[in-house]
Amino acid sequence: MSTIKDVAIKSKTSVGTVSRYLNGYILKESNRIKIEDAISELNFTLNPIARGLKTNKTNTIGVLIPGLSNVFSLQVISGMEKTFEEYGYNIIVSNSSGNVEKEKEKLRLFKANRVDGIILMPVSDLGDHIIAAIGRDIPLVLIDRLVENIKLDGVISDNVKGSYNAVEHIIMMGHSRIGVIAGQSNVYTSSERLKGYSMALKDYKIETSEDLIVYTDFDKLGGENAIEILMALKEPPTAIFASNYYTTLGAVKALNKMGIKIGEDISLFGYDQSELNEVLNPPLSVVVQPMDEIGHKAAELLIRRMKNDQIGFPTIINLKNQLVLTMSIKKIN
């Protein structure tokens with residue numbers, strides 16, 4: 001049977017680095033990749049897991065998310081880690097890099113290492129491969145995004161209502177030509193937020209214009225590109241709703257580069273709050289998700305599943321968002 005030392009030699013890292021990885025610490029991306037490749041090649045199984053075979057418990061939770069560098073993921077992980085620590089669980093955090101094949105590989109790795117439960121932020125809205133990878137024996141809770149085709153527990157924020165409320169506020173400030181920076185249509189959060197945008201327009205008898213909807217990746221470059229498309233229209237929008245944190249940052253960058261003043265020349269409503277929003281002039285109006293609470297509730301729900309509590313399946317916890325309203329939305333006649 002392979003040991004931590006074997007993994008260290010195979011991955012050309014130190015035993016200490018491998019140990020830190022196995023205990024859930026975030027490593028340099030290059031070291032993480034080398035260690036995970038070595039674990040996969042060696043079919044490595046943790047010694048603590050082997051010692052726990054009698055009880056079939058390892059007190060370890062696998063957490064798999066599309067990316068480790070974004071504010072949302074880090075805050076959610078922080079929320080769940082506090083809760084798991086109270087119950088004596090350690091977490092192993094891994095990154096699927098937004099790739100379905102890598103997501104399947106990491107799920108299989110979690111199963112091989114006999115984690116007691118899994119928290120997953122899925123890459124896409126299709127979920128058949130999740131059960132194919134781990135079966136039905138390991139309790140699993142989704143966060144941020146739900147999937148189609150299979151029933152799974154989940155903890156999300158109310159994306160539809162959050163977006164609806166944001167666009168409603170823009171409308172109440174006198175705007176009717178409202179652009180939206182939407183994500184890819186195969187991602188649950190982006191489709192739900194676009195639904196909220198469309199519902200608000202419909203309820204206020206404003207016709208939806210396809211040229212005002214820009215589908216893009218949920219990253220800064222996507223936000224920048226979307227602004228360029230929207231502002232190049234023959235009749236540009238008077239207000240824009242950026243439905244993701246990083247597209248919001250990209251939108252701000254692009255508007256500043258163009259010399260377009262937020263709150264004066266264009267109104268901008270973003271997603272998720274950060275210190276950056278507050279130092280802008282004016283500060284941005286944003287939809288604020290309860291990130292810490294998402295992590296906490298997901299951990300609690302998974303713990304109840306692992307204890308076989310008799311709660312309805314699937315259980316979907318839908319948390320409320322808040323709006324921070326500022327002068328970034330200009331009132332017009």
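F241, F269 and Y271 form one aromatic cluster, where rings of Phe, Tyr and Trp (its six-membered ring) are taken to pair if their centres lie within 6.5 Å, with planes under 30 degrees apart counted as stacked, over 60 as edge-to-face and the rest as tilted. The model is a predicted one, in which local features need pLDDT of at least 70 and side-chain atom pairs count only at pLDDT 80 or more, while totals for chains, interfaces and linings use all residues. Residues are numbered from 1 along each chain as its sequence is written, and side-chain values use heavy atoms, with hydrogens and water left out.

A pair of aromatic rings is described by the distance of the centres and the angle of the planes. The structure holds four aromatic pairs. In one of them, the ring centres of F241 and F269 are 6.3 Å apart and the planes stand at 75°, so this pair is edge-to-face. Distant parts of the chain are linked in this way: F241 belongs to strand β8 and F269 to strand β9 (residues 267-271), 28 residues apart. Helices (H or I, at least four residues) and strands (E, at least two) are DSSP runs, numbered from the N terminus. F241 is buried, with a relative accessible area of 0%, and F269 likewise counts as buried at 0% relative accessibility; buried means under 20% relative accessible area, exposed over 50%, and partly exposed in between (1.4 Å probe, protein chains only). Elsewhere, F84 and Y89 form another edge-to-face pair, 6.1 Å centre to centre with 70° between the planes, and both residues are buried.

Turning to the sheets, strands β8 and β9 belong to an open sheet of six strands with mixed pairing, in the order β7-β6-β8-β9-β10-β12. Two strands are said to pair if DSSP finds at least two bridges between them. At the edges stand β7 (213-215) and β12 (322-324), each with a single partner strand, so one side of each is left without a neighbour in the sheet. Direction ignored, neighbouring strands of this sheet are turned by 15° against each other on average. Strand β10 (residues 285-288) pairs with β12 in the antiparallel sense over three bridges, and V287 has L323 as its bridge partner in β12. Helix α9 (residues 188-203) lies across β6 (178-182), β7 and β9, running at about 165° to β6; axes are lines fitted to C-alpha atoms, for helices over the stretch in contact, and angles run from 0 to 180 degrees between N-to-C directions.

Another open sheet, with parallel pairing, is formed by six strands in the order β2-β1-β3-β4-β5-β11. Here β2 (90-95) and β11 (316-319) take the edge positions with a single partner strand each, so one side of each has no neighbour in the sheet. The twist averages 15° from one strand to the next. Strands β3 (residues 117-120) and β4 (residues 140-143) run parallel and are joined by three bridges; I118 stands opposite L140 and I119 opposite V141. In a regular strand the side chains alternate between the two faces of the sheet. From β4, L140 and L142 point one way and V141 and I143 the other way, and all are buried. Helix α6 (residues 100-112) lies across β1 (60-65), β2 and β3, at about 180° to β1.

Which residues of helix α1 (residues 4-11) are buried? They are V7, A8 and S11. Seen down the axis of α1, the buried residues fall within an arc of 100°, so they line one face of the helix; the arc is that of the directions from the helix axis to the C-beta atoms. These residues pack against α2 (15-22) and α3 (29-42), with contact meaning heavy atoms within 4.5 Å. K5 and I9, on the other side of α1, are exposed. Just after α1, K12 takes a positive phi of about 60°.

Finally, E235 is found in the loop between α10 (220-231) and β8 (239-242). E235 is exposed, with a relative accessible area of 52%. The C-alpha atoms of E235 and S40 are separated by 54 Å, the two residues being 195 residues apart along the chain.
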